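Reader: Could you walk me through a few features of this structure? I'd like to learn how to read them.

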Amino acid sequence: MQTRSRIKILAASVAAALAQMAYADSGVGVDTVMGNAMNPRPINTTTRGGAIDAEGMGTREPAARTPTGQMYNMPLAPTEEINTSAGGWEYFGHVEAGLLGVSGDKGARDFKRYKDVDGGLYVDSFGVTANDKKSANFFEASGGGVGKDDQFYSVQFGRYNDWRVRGFYNETPHVFTSTYRNLWNGTGTSSLTLNNASGLIPAGGGVSAAATDTNIGTVALATPYSELGLVRKKGGARFDMDLTGEWKMFASYSDEKRKGARPFGMVSGGGGGTGGVEIPESIDYNTHDFLAGLQFADRLTSVNLSISASLFRNNVSTMSVQNPMFLAASAATGTTTDPLARYDLYPDNNFYNLKGEFARSLPDFYKGRLTGVVSLSRMSQNDALLASTPVAGTAFGGVAAAAAVAAGAFTAAVPAVGAIPTVAGGQWDTTASLSKQNAGARINTKLIDLGISLQPLDKLDVKGKVRHYETDNATEYWACNPLTGQWGRVINEGSGAALLNANNNNNNNPAYASSAAATTAINAAACNVAAVKALGIVGSAGNVNIRNIPYEYKQTNYTLGADYRLSRTVSVNANYEREAYERKHRERTDTWEDKFKFGYVNRGLEDATLRLSAEHDRRRGSTYNPDPYDEFYSASLTAAPTAAGTNVTSWIHINSLQRKFDLADRDQNIFNARLNYMLQQNLDAGVSLQIKDAKYPDSAYGRNDHQKQNSLNFDLNWQPSNEMSVYGYYSFQDGRMKQKGLQQNACVIGNTYNFWSDGSVSTAAQTAAQALAGVTLVGASTVTAANFASLCGTAADLSPLYPSSRSWTMTQTDHNDVFGLGLKYDLGHSKLDLDYTFTAGTTGISYTYNAAALGLATSGAPTAAQLTTLGLIGSGFSNLKFTQHVFSAGLSIPMNKTTALRLLYRYEGGKIRDWHYDGVAGNPTPAANQQTYLDSGPQDYKVNAVGVLLHFKI
């Protein structure tokens with residue numbers, strides 16, 4: 001009995017140690033408990049092969065229960081096979097290994113995701129525990145899936161109540177697709193070259209777009225499927241030591257490596273590009289996490305001080321790709337796209353944090369407790385920037401002169417303007433064409449959190465809290481070429497550009513002989529913001545990006561709550577919270593949300609416990625400015641257009657009635673209920689319900705109407721005897737979300753727009769076809785220099801740019817069901833485990849729109865193709881569906897005191913229906929624009945796994 005008690009204490013100590021180790025990991029809850037798909041539960045070396053402990057808590061008949069009425073989980077019996085070494089160490093352990101046979105669609109993405117289950121020799125798990133009761137030293141190690149991509153290991157050793165060291169290592173595979181047609185060599189590296197066997201030539205060989213489109217499609221169909229994925233490997237260690245009875249210290253380090261590839265969309269050409277193709281983005285990341293700290297605790301006070309750092313390193317900072325697509329010669333440069341596309345991938349970046357936590361009990365002040373947290377962080381990256389294009393000699397707008405901006409002296413705020421020396425053209429292929437050589441990005445954060453709880457009455461608890469968090473964004477980049485004085489960006493390796501020139505309508509700039517002369521004046525201002533503004537030149541567009549937007553915010557939360565006990569078993573609670581945001585460079589400077597929550601708990605109902613809560617949230621804010629970003633676009637550098645015939649669409653960035661859902665007014669109600677009921681002494685039932693409804697009352701466009709999410713869950717737990725336990729559950733969730741948008745039309749100064757009864761808009765008089773179809777004129781609007789911002793900037797029936805007839809709505813509905821059933825039965829001569837899970841999800845998407853208004857159908861006489869488009873209105877798109885069945889069975893048969901035979905069977909099957917991938921497998925180039933789909937999407941799968949394992953006790 002002493003041995004059994006000691007083992008139980010050891011098991012509890014190990015569990016407590018593991019819980020304390022949680023803070024060693026960068027992602028809490030990820031690496032604190034080791035396991036994989038074959039070992040979903042932690043490996044416990046202190047128990048006896050899954051046998052129930054007849055003397056443990058919870059094994060009485062009828063089942064023992066917690067003070068709140070829940071049945072205890074069946075405790076496992078501690079091991080009886082304890083060995084003693086010559087040195088007095090007691091140790092025990094196990095190894096479980098055998099053979100697995102796997103058949104079916106074992107290569108399918110959804111089967112392989114996050115697990116590595118394949119046939120052959122398989123070491124399922126091992127574990128060893130040892131301790132020396134004289135010295136209080138201990139050692140424990142465990143692991144599983146040896147040699148697989150989901151293997152895991154854990155070790156810890158030390159001296160009880162003195163010091164301990166824990167180390168861990170695990171791997172997790174993540175398969176993104178198993179149906180990828182890879183046209184490149186070098187996947188996972190910094191250089192992707194077209195597969196020689198494919199016959200594809202960089203830049204399409206300069207032949208033609210049509211020929212290249214045909215060639216890519218032919219090669220893709222002939223390319224077999226392959227897999228794109230990564231393996232996450234993470235290892236680390238933590239050291240803890242009790243310095244005194246009150247002081248402790250800890251330190252930890254972990255390294256996470258992720259290596260592989262995933263699909264990534266590559267586009268070439270100006271503007272939105274010409275076609276696109278999915279390339280394999282190389283992934284080779286390292287994240288180093290450091291943590292160290294001190295802890296102090298006495299009877300009244302506890303203090304935690306910690307410092308941490310997370311250093312992300314990308315071993316493929318720049319990836320080059322041989323581009324198979326053909327592009328016509330650029331009107332700006334006279335060249336086709338460079339055959340080598342470059343991607344500046346995620347930069348190396350650093351995160352540092354200093355945190356202090358304080359708690360103080362106030363026993364003589366209403367049994368109070370005071371808490372506080374102060375945290376300071378910095379995130380930064382200083383990546384070396386790439387030149388806009390590798391193509392030597394690239395020039396735009398014929399600019400071959402450099403502005404006098406001395407090296408290292410660039411400033412868009414107060415630059416020096418001097419003479420303009422002449423240099424060779426093509427000043428975009430070196431980093432000297434950038435306003436800075438490195439990113440210099442930095443965001444600092446501060447957190448202060450203060451709380452107090454009091455018990456002014458025996459039956460009343462009150463608590464208050466103030467939390468303030470803020471960010472300071474010190475990142476700045478101006479998009480101006482100091483060599484040429486040009487504002488904007490060269491895109492897609494120089495095959496396109498978004499540059500600020502003078503407006504090509506000379507009437508906008510009468511002081512200049514031509515638009516070219518006005519453009520020269522802009523460039524001659526040498527990246528000086530004030531100088532460009534002083535020119536008063538009307539630019540070519542109002543939406544050219546000229547600098548980054550340094551988003552930052554302050555968030556303050558005030559919380560006040562109370563809990564009042566009406567009786568020994570009944571209590572009510574109330575909570576009020578105000579969440580206030582102060583933002584920079586957002587549509588609303590300030591938002592505030594008031595949250596009211598009320599709860600009721602009754603633990604005194606006959607054989608039942610009831611918990612209810614209701615919450616009402618109301619978010620409002622300052623005046624909504626739909627477009628606060630002018631200062632970051634070319635509209636802020638140049639004058640507004642005035643000349644007739646000028647297209648002013650780019651000066652209007654958004655419909656003024658559009659609302660972003662994170663800033664919009666919102667009313668939200670949430671109701672929660674949970675009932676636990678003891679149907680019999682050994683049978684529990686539970687029901688939980690959540691009803692959530694959010695409404696956006698001021699959002700004419702954007703997320704609007706009601707967003708609903710309702711959940712219902714039933715669960716059963718039956719323990720008919722100490723040898724058997726059965727569980728079952730069913731969960732249902734239903735959601736609905738609605739959005740409204742508007743497709744732009746046009747806005748040209750001097751034009752009169754006619755609005756017709758079928759919703760269409762034109763600048764022409766009524767046509768014969770319209771007259772025949774009975775389409776009549778509803779109204780008209782004329783755009784002028786004085787009214788274009790107001791007339792075209794807001795959705796209305798007679799708005800030229802945002803006519804309400806061109807509105808569309810999208811409604812998304814989600815329905816999810818999960819059913820589970822399990823059995824554990826100790827037959828005496830063997831132990832049986834059965835588990836089954838069924839998951840089903842359906843997403844429906846429906847659209848409404850006026851096809852005639854959008855130019856998709858001819859009023860009165862739609863063509864056959866247009867009728868097909870009309871058929872998509874409403875629920876014309878099929879539902880997205882996912883179903884999955886997972887069944888596992890295990891039978892453990894003891895052969896002797898140290899050996900047991902375990903037989904296992906696992907079935908997993910899934911079906912996926914996603915219309916986005918329909919037809920891709922047979923036709924990867926459906927259009928004639930070189931648009932190529934190399935990922936054919938997820939597959940249905942059925943996989944059976946059978947295993948015969950031997951469990952050896954040490």
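This is a predicted model: local features need pLDDT of at least 70, side-chain atom pairs count only at pLDDT 80 or more; totals for chains, interfaces and linings use all residues.

Reader: Which ring does Arg 547 lie over?

Author: That one is Trp 478, with Arg 547 over its face at 5.3 Å from the ring centre.

Reader: Now for rings with rings. What describes a pair of aromatic rings?

Author: Two values do: the distance of the centres and the angle of the planes. This structure holds 21 aromatic pairs. In one of them, Tyr 469 and Tyr 553 are 6.0 Å apart centre to centre, with 45 degrees between the planes, which makes a tilted pair. Tyr 469 belongs to strand β20 and Tyr 553 to strand β23, so this pair links distant parts of the chain, 84 residues apart.

Reader: Why is the pair of Tyr 727 and Tyr 729 stacked?

Author: Because their planes are at 5 degrees, with the centres 6.4 Å apart; planes under 30 degrees apart count as stacked. Tyr 727 is partly exposed, at 32% relative accessible area, and Tyr 729 is partly exposed too, at 26%.

Reader: And sheets? What is the order of the strands in the open sheet of three?

Author: The order is β33-β32-β34, with antiparallel pairing. β33 and β34 stand at the edges with a single partner strand each, so one side of each is left without a neighbour in the sheet.

Reader: How many bridges join β32 to β34?

Author: Five, and the two strands run antiparallel. Trp 756 stands opposite Leu 777 in β34.

How values were computed
Residues are numbered from 1 along each chain as its sequence is written. Side-chain values use heavy atoms; hydrogens and water are left out. Two strands pair if DSSP finds at least two bridges between them. Helices (H or I, at least four residues) and strands (E, at least two) are DSSP runs, numbered from the N terminus. Rings of Phe, Tyr and Trp (its six-membered ring) pair if their centres lie within 6.5 Å; planes under 30 degrees apart count as stacked, over 60 as edge-to-face and the rest as tilted. Buried means under 20% relative accessible area, exposed over 50%, partly exposed in between (1.4 Å probe, protein chains only). A charge sits over a ring if NZ of Lys or CZ of Arg is within 6 Å of the ring centre and within 35 degrees of the ring normal.
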